[in-house]
Amino acid sequence: MTLAITGEVAAVFLVARVLVGGVVAFMGVNHFLNAEDMAGYAGMKGVPAPGLMVPFTGGMLLFGGLSIALGFYPVLGAGAIAVFLVVTTPLMHDFWRMDDPEQQQTEMTAFLKNVVMLGTALGFLVLASTTWEYSIATGEIAAALAAPLF
């Protein structure tokens, strides 16, 4: 069975792509705008080379978000988001290690939000095998952008 996302469903799917992709891309930009603070927090959580990892993961999120929103290489974009979330969620939001109930609740909320985003990224990863209407990957723009690669 082949899934087709067309007509009104494609328009709703576009809205979903723009909402999710826009938020994820914003999260990536935030990694660059607040790199110093985020690197300090990441270092406190035990992330190796946080000064490098924060911009690297920011790039993953920025690319992944734009990829989903624009429908350009969505397999790579959704994959980047999923990898980011699988690695960072248990490391950065380890609520089970918190002694303070308020901090534990804050970290658990962040953890659960990331789990929801991971599910969304996996959903986009599955749907990446279908044709996305309103996508730069399905038109002449994509062909022009990809031409130098081949």
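Q: Which residues is N114 in contact with, leaving aside its neighbours within four places in sequence?
A: The model is a predicted one. N114 is found in helix α5. Once its neighbours within four places in sequence are left aside, the residues in contact with N114 are L85, T89 and H93.

Q: Is N114 buried or exposed?
A: The relative accessible area of N114 is 10%. Buried means under 20% relative accessible area. N114 therefore counts as buried.

Q: How far apart in space are N114 and E133, C-alpha to C-alpha?
A: In sequence, N114 and E133 are 19 residues apart. N114 itself belongs to helix α5. From C-alpha to C-alpha, the separation of N114 and E133 in space is 27 Å.

Q: How many helices does the protein chain have?
A: From the N terminus on, the elements of the chain run α-α-α-α-α-α. The secondary structure includes 0 strands, and the number of helices is 6.

Q: What percentage of the residues of the protein chain count as buried?
A: The C-alpha atoms fill a box of roughly 50 × 35 × 25 Å along the principal axes. The chain has 150 residues, and the part that counts as buried is 35%.

Q: Among contacts between residues at least 6 apart in sequence, what percentage join residues at least 24 apart?
A: Contact means heavy atoms within 4.5 Å. Among contacts in the protein chain between residues at least 6 apart in sequence, those that join residues at least 24 apart come to 66%.

Q: How are α4 and α5 oriented, roughly parallel or roughly antiparallel?
A: The axes of α4 and α5 come within 9 Å and cross at roughly 160°. Angles over 145 degrees count as roughly antiparallel. The orientation of α4 to α5 is therefore roughly antiparallel.

Q: What is the handedness of the crossing of α4 and α5?
A: Residues of α4 that meet α5 include V75, A78, I81 and L85. On the α5 side, the residues include F111, N114, M117 and L118. The crossing of α4 and α5 is left-handed.

Q: How is α1 placed relative to α5?
A: α1 and α5 pack with their axes 12 Å apart, at an angle of about 125°. This angle makes the placement of α1 relative to α5 oblique.

Q: Which residues of α5 make the contact with α1?
A: α1 passes α5 in a left-handed crossing. From α1, the contact is made by F13, A16, R17, V20 and M27, and from α5 by M117, T120, F124 and L127.

Q: Which helices do the buried residues of α3 pack against?
A: Helix α3 spans residues 50–70 and reaches 29 Å from its first C-alpha to its last, close to the 30 Å expected. Its buried residues include P50, V54, M60, L61 and I68. The helices they pack against are α1, α2, α4 and α5.

Q: What is the relative accessible area of A49?
A: A49 lies in the loop between α2 and α3. Its phi is near 45°, a positive value in a residue other than glycine. A49 is partly exposed, and its relative accessible area is 44%.

Q: What is the relative accessibility of Y73?
A: Y73 is found in the loop between α3 and α4. Phi of Y73 is near 50°, a positive value in a residue other than glycine. Y73 counts as partly exposed, with a relative accessibility of 33%.

Notes. Residues are numbered from 1 along each chain as its sequence is written. This is a predicted model: local features need pLDDT of at least 70, side-chain atom pairs count only at pLDDT 80 or more; totals for chains, interfaces and linings use all residues. Side-chain values use heavy atoms; hydrogens and water are left out. Helices (H or I, at least four residues) and strands (E, at least two) are DSSP runs, numbered from the N terminus. The expected span of a helix is 1.5 Å times one less than its number of residues. Buried means under 20% relative accessible area, exposed over 50%, partly exposed in between (1.4 Å probe, protein chains only). Axes are lines fitted to C-alpha atoms, for helices over the stretch in contact, and angles run from 0 to 180 degrees between N-to-C directions. Angles under 35 degrees count as roughly parallel, over 145 as roughly antiparallel, 65 to 115 as roughly perpendicular and the rest as oblique. A crossing is left-handed if the near helix is turned anticlockwise from the far one by less than a right angle, and right-handed if clockwise.
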